Amino acid sequence: MTNTTKPVAIREFPVEEFPETHYLNATKGLKSWMLTLDHKRIGLMYLASVIFFFFVGGLLALALRLELWEPAQNFMDAETYNRVFTLHGAVMIFLFIIPSIPAALGNIFLPVMLGAKDVAFPRLNLASFYIYLGGAMFTLYSMAHGGIDTGWTFYTPYSTNSGSAVISMTFGVFIMGFSSILTGVNFITTVHKMRAPGQTWGKLPLFVWSLYATGVIQVLATPVLAITLLLLIMERTLGIGIFDPALGGDPVLFQHFFWFYSHPAVYIMIVPGFGIISELISTFSRKVIFGYWAVALSSLAIAFIGFLVWGHHMFTSGQSELSTVVFSFLTFFVGLPTGIKIMNWVATMYRGSIWLATPMLYAIEFLFLFTIGGLTGIMLGALSVDIHLHDTYYVVAHFHYVMMGGTVFAFLGGLHYWWPKFTGKMYNETLAKIASVILFIGFNMTFLPQFVMGSQGMPRRYFGYLEQFQTLHQYSTVGSWILGVGFLLVAYYLIVSLVKGAKAPSNPWGGRSLEWMTSSPMPAHNFEHVPVVIHGPYDHHQPIAEFRMGIDAPHHDTTHA
Amino acid sequence: MSGHHIIPMKFLLGTAGALFVLTALTVAVHYIHIPAPFNIIVAIGIAVLKASLVAMFFMGLFWDKKINTIALMLSVVFFVLMVGVTMLDTMFRDKPFGIYDKAPAPPATTSAAP
Amino acid sequence: MSHTDSMSANAHVQHHFVDSEQQFDSAKLGMWLFLVTEVLFFGGLFVAYIVYRAWNPELFTLAATQLDTVMGGINTLVLIGSSLTMALAIRYAQLNDAKKSFWMLGATIAAALVFMVIKYFEYTHKFHLGIFPGEAYTFTGIDHPKAHIFFSIYYMMTGLHGIHVLIGIGLIGWLMVKTKRGAFSAEYYTPVEITGLYWHLVDLIWIFLFPLLYLID
């Protein structure tokens, strides 16, 4: 490429506060939303769908907890219970948590943070949304037609024989895989090719780094899920015999295939959450993030190591002793980059001027909950301990601490952080803080008892249980109600904010990355100028005017960095 | 290097020629019957060589931006990891080394058993 | 850069890209990332193949005798030829020779159709013998309890590959229509380029399938 760039003049572009036209009202009508190529609108549509499915999955969870109020049958029979927990898992994982942060918040903010006008492939972006909806339809269809009782893991041979709607469910997940792949391809390409002038890899916001690492996992792991589910569908329709022991196949091989995707997928769920926490902690501590490169590269390290540890889900499956030992050993390595992140976040807060706004409250709660989830994960990774704890409520508590205490709290933090930016409205700060604390209490009340039950031998997925566990189960159920109240409160004040919230300024939190250097809500093409980046995204010590630089030319014709 | 490289005719024809020859070779080798592990090694070796030719010259990676090559190599690396780590199980399933059946320390005879 | 920056030459640049170069590079990287997913998609089947072959080496030697090396070999040559014509189609598009590009795309489709016809004969011959995938397998010529698994893997691999060939035929047909309408030039031939990448990958996978399935001794 020729690098004979003419010297370009840059100047500050003041941000227009409370703009009349923005991406939400630039064009009108249902069609302008259904066929939009604007990444922000697609992200909003994703956000609405994801929240809807979180609501569905949450209702299922409440039903499960209510059933467990008594040791014997309460209000649903065992078969229904099996279907409800399968559906709770599948909806929460495939319909909520995997698309939650990347496809909703990531879609809205990745291009803005890069100073780009859109993602690299806007049409694929829209396609990915409709593919996701198509997959969701299949899931709802299988819910209506008998449901599915295999658990979200679809283990063979049960899934090849169970008389439930396995085919439509797995086909739905297969379809949603494509949506996930398209998002990953889009994000990686966008980060590589669409960065604003001056935005080097060392000046990328850490949320972008985490989405990049997530994209890498999505691209490398999701196709293996696709082939696994395709083989499972073939196993059910044609009896190809690869996974079904009755036909000479090997069910443990299915678990290898499944977890080669599903373990890295755990990092698809949590790594974007890490990115949000990095943004929150730096912004609300008013400090440069401690160890930028360590935090950025640890995301990639997690992405890589995450591919080598899948067998720790299979310690009791009958896989070879050699691989159990190797997997247990490798599993501990995941703790390293994760620990690096926690340490760096805490070091960032140290001596910062901490502003305990709602997003920061969520970030701090995240630190508590995720650390508990992570440390119990280390215990489960230890081979000898896992033999005892495998398939008990200890595991259930562990992954809820990581996924809900981690990802959902990070998601809520990000939602509150960026809410003023993409809606243009402020929410009620007092109610938000109260809700956050209610959620924190409810969460711990729900899941802490499950660690105790698990270590005492309460198996997961059981419909009935011994009476000795009843007190703890009831604590947990009451906790789930508190959680429900907390989420209702969040929904309430966010809706109020949409209807009559105060108008949001362009930079309510004093952030330094590019999304705060444009109006709230953003203009249809994010920036009216070509932004130029000269400082890092967390350089709170630099004057804010220097973060609002852009190319001083009516018609830009410069080459991209 | 630009992605817009126009691949010279001699590279295209040469690559196709080499691929034809290698195909003939791999079939010929099949009929010679090389003994056990080496037949697979030779067959896969020729296939990898052919695949590299296609990727470098037909797909233009030889002239292209490095990132595209990195992407392809990444897929190969993760495929190899998937095969290798899965085989740690499938190849050693009937070769336990007794991590589970270490005899527990014999109970002290003087213990106060009820 | 070889192309001019006049407005007409840049009509294909979408609003969110700075220039044609950025759009082209993005499209290409996006396609390569998609090919990565393809490699790992087929990779899963290769893992199944490798695991079962390592478990039952004698089965694979026996079962491979039912596959026709000549037909497989011809198909290999046909696909390599189609890769060459595809590469030539890109080259002619880059040289602004839409007519030759069109005919090269046509030749690629012709080769792909030959491939599918040969595949059809291979499949029907096996069906005739009772070699079906999975539980429908009734062939008794191979004395091995897991013979059906080999053919399940065979049908999954070649079947998925065949579907990719069919998709390729569709894409290349669409390119022919666009070429005929004069949509491509030295400034803009991105669809030809990235469809070419896809087509070469289909060839690349067959390059591995052929020795692994047909040439076992």
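Being three residues apart in helix α4 (residues 98-129) of chain C, Glu122(C) and Lys119(C) are separated by about one helical turn, helices (H or I, at least four residues) and strands (E, at least two) being DSSP runs numbered from the N terminus. The side chains of Glu122(C) and Lys119(C) meet in a salt bridge with an N to O distance of 3.6 Å, where a salt bridge is a side-chain nitrogen of Lys or Arg within 4 Å of a carboxyl oxygen of Asp or Glu. Both Glu122(C) and Lys119(C) are buried, a class that means under 20% relative accessible area, with exposed over 50% and partly exposed in between (1.4 Å probe, protein chains only).

The model is predicted, so that local features need pLDDT of at least 70 and side-chain atom pairs count only at pLDDT 80 or more, whereas totals for chains, interfaces and linings use all residues. Residues are numbered from 1 along each chain as its sequence is written, chains are lettered from A and ligands numbered from 1 in the order in which they are written, and side-chain values use heavy atoms, with hydrogens and water left out.

Over all chains, a search of the whole structure finds twelve salt bridges. Arg93(B) and Asp89(B) form one of these through their side chains, at 2.8 Å from N to O; Arg93(B) counts as partly exposed at 26% relative accessibility, whereas Asp89(B) is buried at 0%. Asp250(A), Asp89(B) and Arg93(B) are joined into one network by salt bridges that share partners. Within chain A, a salt bridge links the side chains of Asp38(A) and Lys40(A) at 3.1 Å, N to O, and both ends are buried, Asp38(A) with a relative accessible area of 12% and Lys40(A) with 0%.

The contact between chain A and chain C takes 40 residues from chain A and 36 residues from chain C, contact meaning heavy atoms within 4.5 Å. The area buried between these two chains is about 3200 Å², of which carbon and sulfur atoms give 75%; buried area is the accessible area (1.4 Å probe) that two parts lose on being put together, summed over both. On the side of chain A, Lys193(A), Ile227(A) and Ile242(A) lose the most area to chain C, together 15% of what that side buries. The elements giving two or more residues to this side are α4 (122-144), α6 (166-193), α7 (206-237) and α8 (251-285) of chain A, and α7(A) gives the most, with nine residues. Across the interface of chain A and chain C the rule finds zero salt bridges.

Chain B has three helices and zero strands, and 38% of its 114 residues count as buried. Residues 24 or more positions apart account for 70% of the contacts in chain B with a separation of 6 or more. Chain C averages a pLDDT of 92, with 96% of the residues scoring at least 70, although pLDDT stays under 50 over residues 1-7 of chain C.

Key:
pLDDT is the predictor's confidence in each residue, from 0 to 100.
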